[in-house]
Amino acid sequence: MAVVGLSDNPDRDSYRVAAYLQQHGYRIIPVNPKVTTVLGEPAYPRLRDVPVPVDVVDIFRKPDAVPEIVEDAIALGARVIWMQEGIDHNAAADRARAAGLTVVMNKCMLKELRAANP
């Protein structure tokens with residue numbers, strides 16, 4: 001799972017969500033040009049720089065950054081675009097769906113996983 005916008009600051013939502021996912025067995029791939037490692041994993045400056053297959057792209061960026069991230073996700077062969085709470089971009093979501101990706105907008109993955117696995 002690539003986490004775009006993952007911060008190395010433990011007080012940030014992106015860090016807390018990624019740490020939870022990692023603790024529950026998900027492989028986290030940090031994507032952030034301002035860090036070199038997060039949660040013990042090497043970070044990549046852009047999604048297109050990730051050298052391994054990515055199933056899910058979890059986005060912690062402002063909505064105006066979403067279209068480029070979606071294009072990179074399509075190019076990488078990702079299967080899911082997940083825009084965290086407070087993030088939505090209808091045109092980018094339509095583009096992702098047209099390319100066969102599943103899209104989730106404005107939902108927290110941590111909250112959704114907790115709700116599904118109480």
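The following conversation concerns a predicted model of a protein.

Biologist: How many helices and strands does the protein have?

Modeller: The model is predicted, and its secondary structure comprises four helices and seven strands. Along the sequence the pattern reads β-α-β-β-β-β-α-β-α-β-α. The radius of gyration is 13 Å, close to the 13 Å from the globule rule for 118 residues, so the protein is as compact as a globular protein of that length.

Biologist: And what box do the C-alpha atoms fill?

Modeller: Taken along the principal axes, the box is roughly 35 × 35 × 25 Å.

Biologist: What percentage of the residues is buried?

Modeller: Of the 118 residues, 46% are buried. The protein exposes about 6,400 Å², and carbon and sulfur atoms supply 48% of that area.

Biologist: Turning to charge, how many positive and negative side chains are there?

Modeller: There are 14 positive and 15 negative side chains, and the centres of the two sets lie 1 Å apart.

Biologist: Let us look at α1. Which of its residues are buried?

Modeller: Helix α1 spans residues 13–23, and its buried residues are Ser 14, Tyr 15, Val 17, Ala 18, Ala 19, Tyr 20 and Leu 21.

Biologist: Where does Gln 84 lie?

Modeller: Gln 84 sits in the loop between β6 (80–83) and α3 (90–98).

Biologist: Is Gln 84 buried or exposed?

Modeller: Gln 84 is buried, and its relative accessible area is 4%.

Biologist: What is Gln 84 in contact with, leaving aside its neighbours within four places in sequence?

Modeller: Its contacts are Val 17, Asp 58, Ile 59, Phe 60, Asn 106, Lys 107, Cys 108 and Met 109. Among them, Val 17 is one of the buried residues of α1.

Biologist: Now α3. Which residues are buried there?

Modeller: In α3 the buried residues are Ala 92, Ala 93 and Ala 96. These cover an arc of only 100° around the axis, so they are on the same side of α3. On the other side, Asn 90, Ala 91 and Ala 98 are exposed.

Biologist: What covers the buried residues of α3?

Modeller: The cover includes α2 (66–76), β6 and β7 (102–104). Just after α3, Gly 100 adopts a positive phi of about 95°.

Biologist: Finally, what share of contacts between residues at least 6 apart joins residues at least 24 apart?

Modeller: That share is 50%.

Note on methods:
Residues numbered from 1 in each chain as written. Predicted model: local features only at pLDDT ≥ 70, side-chain atom pairs only at ≥ 80, totals over all residues. Heavy atoms only, no water. Helix = DSSP H or I, 4+ residues; strand = E, 2+ residues; numbered from the N terminus. Rg over C-alpha atoms; globule rule 2.2 N^0.38 Å. Buried < 20%, exposed > 50% of the residue type's maximum accessible area, 1.4 Å probe, protein only. Contact = heavy atoms within 4.5 Å. Areas by Shrake-Rupley, 256 points an atom, 1.4 Å probe, with all protein chains shown as cover. Lys, Arg positive; Asp, Glu negative; His and termini not counted. Charge placed at Lys NZ, Arg CZ, Asp CG, Glu CD. Arc of directions from axis to C-beta.
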